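Open your viewer and follow along. We will go from stop to stop, with something to select at each.

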Amino acid sequence: LAAVIAFSRDAIVSTTPQGIVQTWNDGAQRLLGWSAQDAMGQPLLGLVTDLSHGGARVLLERAMTGAQFQMETTLVDHQNQHVEASVGAAPVHDGDGAIIALSFVIRDLRRRRRSQANDAMLASIVRQSRDCIFSVTREGLISSWNPASEALYGYVCEEAINHPLSM
């Protein structure tokens, strides 16, 4: 488990119930810009700023209630750069059910968001093209069909999708 945490691309952080950083993996350093040496023993609120949900204090207080949660938000890193992130948090309980630590997994969403924006742009280009553009699965079924294909072949998208190219 320690190796998984150490080599994860995601930021994995644990704090005391009061929000003092106990563990800070390399993913946290890459994502948020603070070294483990600088982060350990510091209040998480001093290292992470949340712009979307009333501040990092709200995230920490929510985790302290004992609730597990996951949310997308915008954080600010050590260099004051905005980081679109998914934050998952969960309390760590002892055998009697008392909260002894808080765990946070923070995933960088910027690459995924850029990819989604690129996909949307390419889809728009295909939709607006005057050229017939369609794709076919390995099984020979039509999987995409643009408006120019509709005009040329006379089948609307819904009629063409999942049908053989030989229709």
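Buried means under 20% relative accessible area, exposed means over 50%, and partly exposed lies in between (1.4 Å probe, protein chains only). Keep that scale at hand for the later stops.

**Before you click.** This is a predicted model: local features need pLDDT of at least 70, side-chain atom pairs count only at pLDDT 80 or more, and totals for chains, interfaces and linings use all residues. Residues are numbered from 1 along each chain as its sequence is written, and side-chain values use heavy atoms, with hydrogens and water left out.

**Stop 1: confidence.** Colour the chain by pLDDT, the predictor's confidence in each residue, from 0 to 100. The mean for the protein chain is 87, and 96% of its residues reach 70 or more. Now select residues 49–50, strand E3: confidence is lowest here, at a mean of 72. Strand E2, residues 21–24, has the highest, at 95. These labels are DSSP runs numbered from the N terminus: helices (H or I) have at least four residues, strands (E) at least two.

**Stop 2: the sheet.** Show the strands. Six of them form an open sheet in the order E2-E1-E6-E5-E4-E3, with antiparallel pairing. E2 and E3 are the edge strands, and each pairs on one side only. Two strands pair if DSSP finds at least two bridges between them. Strands of a sheet pair through backbone hydrogen bonds, either parallel or antiparallel. Next, select residues 11–15 (E1) and 99–108 (E6): five bridges join these antiparallel strands. Find Val13, which stands opposite Phe104 in E6.

**Stop 3: the helix on the sheet.** Select residues 110–128, helix H6. This helix packs on the sheet and touches E4 (69–76), E5 (82–93) and E6. Contact means heavy atoms within 4.5 Å. The direction of H6 makes about 135° with that of E5. Axes are lines fitted to C-alpha atoms, for helices over the stretch in contact, and angles run from 0 to 180 degrees between N-to-C directions.

**Stop 4: a loop residue.** Select Asp77, in the loop between E4 and E5. Is Asp77 buried or exposed? At 10% relative accessibility, Asp77 counts as buried. Its side chain reaches the backbone nitrogen of Gln81 at 2.8 Å. Asp77 also touches Leu31, Leu32 and Val83, leaving aside residues up to four places away in sequence.

Stop 5: Cys132 is partly exposed at 29%, and Cys157 is partly exposed at 22%.

Conventions. A polar contact is a pair of N or O atoms within 3.5 Å; within protein, one must be able to donate a hydrogen and the other to accept it, and residues adjacent in sequence count only if both atoms are side-chain atoms.
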